[in-house]
Amino acid sequence: MALIRQVLVDGLLSKDIETYGIIKVTQKGLDFIENPVSFMMSEDHEYNETEDDAIVTAAKSSGTADEVLMSMLRDLRKKVAKKLGVPPFVVFQDPSLEDMALKYPISMDELTNTHGVGEGKAKKYGKEFVELISRYVEDNDIIRPDDLVVKSTGANSANKLYIIQNIDRKLSLEDIASAKGMTMDALIKEMEQIVNSGTKLNIKYWIDDLLDDEQQEEIHDYFMESESDNIEDALKEFDGDYDIDELRLMRIKFISEVAN
């Protein structure tokens, strides 16, 4: 991790702001491969047993989320969701909580650098989560990672902005996908990322052509009462009444209306 941080800073690698968790070799990195040179880097600090007991770093060294913090975040999410009368996943999805328990964001700006959290969602739900994480970091002398993910352009990226603008214009989703050379599955994934980050998408005009009001209400009620937004669970629950795209689109509509 120390080596990765150093070569990121030196510009040999870059983080892909469009695809969470991906790093890519830059032109400078390719040049380095062709003409490598040696460089100095600091050696990782080796903690003794006393320090290990005092500092919670195990999760960071393994690249996994802090399970104690994760449990606390889940409890807080449940409390917030109950207060608002919505399912827990509406507040923050599990991948977002896992990223919080990996990066320890202690400000609203840092929170928007976590997976699936845009400015809108951070502003709406984030204050209590940031306060909890900040207290946890202080109480446990946490050493936070110094390589927070570069802020994603999210809904401001070219594709996402195009999708948002043309859904506002009520264009056919098939036409939007075709214009960008995307499959419907890829378009739905982009739309899921947009609403999960806190941006509204009004796709009722499209869903109205797929499902009648009673069907929409049935799926809406399912997600409202469900503890999870997992599509596989929804497919089993409805046992073939709806296909996967219908359920994914309804989930987008639900999160957009209820969460955002």
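A residue is called buried when its relative accessible area is under 20%, exposed when over 50%, and partly exposed in between (1.4 Å probe, protein chains only). Aspartate 208, with a relative accessible area of 35%, is therefore partly exposed. The model is predicted, and local features need pLDDT of at least 70, side-chain atom pairs count only at pLDDT 80 or more, and totals for chains, interfaces and linings use all residues. Residues are numbered from 1 along each chain as its sequence is written, and side-chain values use heavy atoms, with hydrogens and water left out.

The protein has 260 residues, of which 40% count as buried. Its secondary structure consists of 16 helices and two strands; helices (H or I, at least four residues) and strands (E, at least two) are DSSP runs, numbered from the N terminus. The accessible surface of the protein is about 14,900 Å², and 50% of this area belongs to carbon and sulfur atoms. Accessible areas were computed by the Shrake-Rupley method with a 1.4 Å probe, and for residues only the protein chains shown count as cover. Among contacts with a separation of 6 or more, 66% are between residues 24 or more positions apart, a contact being heavy atoms within 4.5 Å.

Side chains of opposite charge can pair when their charged atoms come close. The structure holds 11 salt bridges, each defined as a side-chain nitrogen of Lys or Arg within 4 Å of a carboxyl oxygen of Asp or Glu. One of them joins aspartate 208 to lysine 204, with an N to O distance of 3.0 Å. Both residues belong to helix α13 (residues 204-210), and because they are four residues apart, about one helical turn separates them. Lysine 204 is partly exposed, at 34% relative accessibility.

A salt bridge also links glutamate 131 and lysine 127, whose closest N and O atoms are 2.7 Å apart. This pair lies in helix α9 (residues 119-139), again with a spacing of four residues, or about one turn of the helix. Glutamate 131 is partly exposed at 34% relative accessibility, whereas lysine 127 is exposed, with a relative accessible area of 55%.

Arginine 248 and aspartate 185 form a salt bridge with an N to O distance of 2.7 Å. Arginine 248 lies in helix α16 and aspartate 185 in helix α12 (residues 184-196), so the pair ties together parts 63 residues apart in sequence. Arginine 248 is buried, at 8% relative accessibility, while aspartate 185 is partly exposed at 34%. Both residues belong to a network of salt bridges that also includes Lys189, Glu192 and Arg251.

A negative surface patch is made up of Asp212, Asp213, Glu214, Glu217, Glu218, Asp221, Glu225, Glu237, Asp239 and Asp241. Patches consist of residues with over 30% relative accessible area and no salt bridge; like charges are joined within 9 Å, and nonpolar side chains (Val, Leu, Ile, Met, Phe, Trp, Tyr) within 5 Å. Helix α14 (residues 213-225) supplies the largest share of the negative patch, six residues. Glutamate 214 is located in helix α14 and is exposed, with a relative accessible area of 65%.

Aspartate 239, another member of the patch, lies in the loop between α15 (231-238) and α16 (244-258). At 67% relative accessibility, aspartate 239 is exposed. Its phi is near 50°, a positive value in a residue other than glycine. Lysine 170, also not a glycine, has a positive phi of about 60°; this lysine lies in the loop between α10 (158-168) and α11 (173-179).

Note on methods. Lys, Arg positive; Asp, Glu negative; His and termini not counted. Charge placed at Lys NZ, Arg CZ, Asp CG, Glu CD.
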